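Please open the model in your viewer and keep the selection tool at hand. The tour below moves from one selection to the next and says what is found at each stop.

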Amino acid sequence: MAGTALIEATLLLILIITSLSFINALIEENVVKRAETTANLFSSISRNALLSLDLATLETSTDELMTNPDIIYVRIYDSNYQTLASREREGYQSRPFIEDNSVQDIDDSVYDISKRVTVSDQFYGEVQIGIDVASVQASVLTIRNWIISLALLEMMLVALFSFGLGTYLTSQLKSLRKGARDMLAAIPTQQYADVTIPIKGKDELAELAQSFNTLVDTLASEYRTRSEAEQELIDFNASLEQTIKERTQALTDKNEELLLSNKNLKEAQQQLFQAEKMASVGQLAAGVAHEINNPVGFVSSNLNTLKDYLSLFQILMDMAKKLKSETEESALHQRISELQAFYTQHDMDFISEDVGPLIDESIEGLQRVSEIVKGLKVFSRVDSDEQQWFDLNHCINTTLTMVNNKLKYICKVEKQFADLPKVFFNLGKLTQVFTNLLMNAGQAIEATGKQGVISIVTQREGNNVKVRIQDSGCGISQENLDKLFNPFFTTKPEGQGTGLGLSITYGIIQEHGGQIVVSSTPGEGSLFEITLPINGQHDQSPVATV
């Protein structure tokens, strides 16, 4: 009730303030407009007489304006503020002029206004007028009193109505409160039989009382139902525990079977991967043997030549020792002649110059053999999941050494290697990737019957490195391109391919968190673009795109 009364009082106060503000604004506008209109009109009428200093006309104009009962005084001044004409009602003689801008600021019931008389911005005089606003102020006061009286009367009526309604509502709510307390007291014992309240009348409170009694009956029914359900739940839990134990044991057995299956599957995948790698080794075997045989052959030839050179040097050393032991001059000259003849006969100058290149060529050949053996060891070993920081460019060069004999007769390899940071990857697996791609590129070029080109480009893009391998081979049709990475899919004749090379390549790129993109035009060649994260993190979903 207090809240209702407060809201009503607030609304009435807002209404009073709004009404009074509207009335004041309306009166203000009318009085100010009237005063300005009167001043403008009178200044226009008096302008010519003021300019010509026609005092008689000014007096006449002033008298005519004073016939208006609301005009208190009229004064006309020249540019020096000398009085030219003046009329005042009794009691306002010699009254000082203080110009008003608002009706609310008037304290003497006279609205003072002035109007300057100018021609082309030249000041010639001023008209001052006083307008009686006492009646207007009295009207405003009367309206204000009526509004306040009506508001107070309305507040009293609202207070009486609120008191009567509140008394009725309070009596009804007391019974509801008592019923609520009884219900709270009955909750611990769940005894709801005596928790009801009487229903009086047919209003909303009676409906609320009926709803309360229905709630009590519902609580009693729910209590009985819950007790029965709890007992059933206890019985069910007893049987459920045994069922859970049985299901848990069955699930444990299934998990063990699944772990064993996963282990077998991983071993099978590893064996399949190693089988594909060994198949690639088989394809490279003849070429690798040839690559090793060439340097071994000329190293062996160089060693035989060096052996012959060594025997001549030993003979020359023996002859020099004998020269040192001769004491007779004739024998000494004879030894020197023999030594010079031997030196000239076997061209020892050429032998001395030829020893160094033979040794350098032999060292270079053995280094080539060592690199091939190291690459073959990396390539053919059983791979683990260990990843380390390696030089990607060096990995590609090692792979090129392995497949060189397969490529050098059918194509030219062009390399554009950027300065790359070390990348976190599995050396053996990425070597397998580059071997598969390079051998496929060589076979695609060989299928054209023409000398081709394989371009290898490496570059860095942000936190990734990219390897682009492009060939000028026969290309891949769109039909085959869509299933290029499917296991056991191959376009090679039966017995010449397993169909696992690109499938394994895709799997390795996936393990490294990278992606491989393929584009190809039949008759023009193919482009494989590999993207790998530098830090080896799986920060993007591996995809194979065509």
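Two strands pair if DSSP finds at least two bridges between them, and the strands (E, at least two residues) and helices (H or I, at least four residues) named here are DSSP runs numbered from the N terminus. This is a predicted model, in which local features need pLDDT of at least 70 and side-chain atom pairs count only at pLDDT 80 or more, while totals for chains, interfaces and linings use all residues. Residues are numbered from 1 along each chain as its sequence is written, and side-chain values use heavy atoms, with hydrogens and water left out.

Begin by selecting the open sheet of 4 strands, whose order is E2-E1-E4-E3 with antiparallel pairing. At its edges are strand E2 (83-88) and strand E3 (110-119), each of which pairs on one side only. Neighbouring strands of this sheet are turned by 10° against each other on average, direction ignored; axes are lines fitted to C-alpha atoms, for helices over the stretch in contact, and angles run from 0 to 180 degrees between N-to-C directions.

Next, select E3 together with strand E4 (residues 122-132): the two run antiparallel and are joined by 10 bridges. Within this pairing, Tyr-111 has Ile-131 in E4 as its bridge partner.

Neighbours within four places in sequence aside, Ser-61 is in contact with Phe-42, Ile-45 and Ser-46.

Rings of Phe, Tyr and Trp (its six-membered ring) pair if their centres lie within 6.5 Å, and planes under 30 degrees apart count as stacked, over 60 as edge-to-face and the rest as tilted. Select Trp-389 and Phe-424, a tilted pair with 5.1 Å centre to centre and 55° between the planes. Trp-389 lies in strand E5 (residues 388-390) and Phe-424 in strand E7 (residues 423-425), so the pair ties together parts that are 35 residues apart in sequence. Trp-389 is partly exposed at 47%, and Phe-424 is partly exposed at 24% relative accessibility.

Notes. Contact means heavy atoms within 4.5 Å. Buried means under 20% relative accessible area, exposed over 50%, partly exposed in between (1.4 Å probe, protein chains only).
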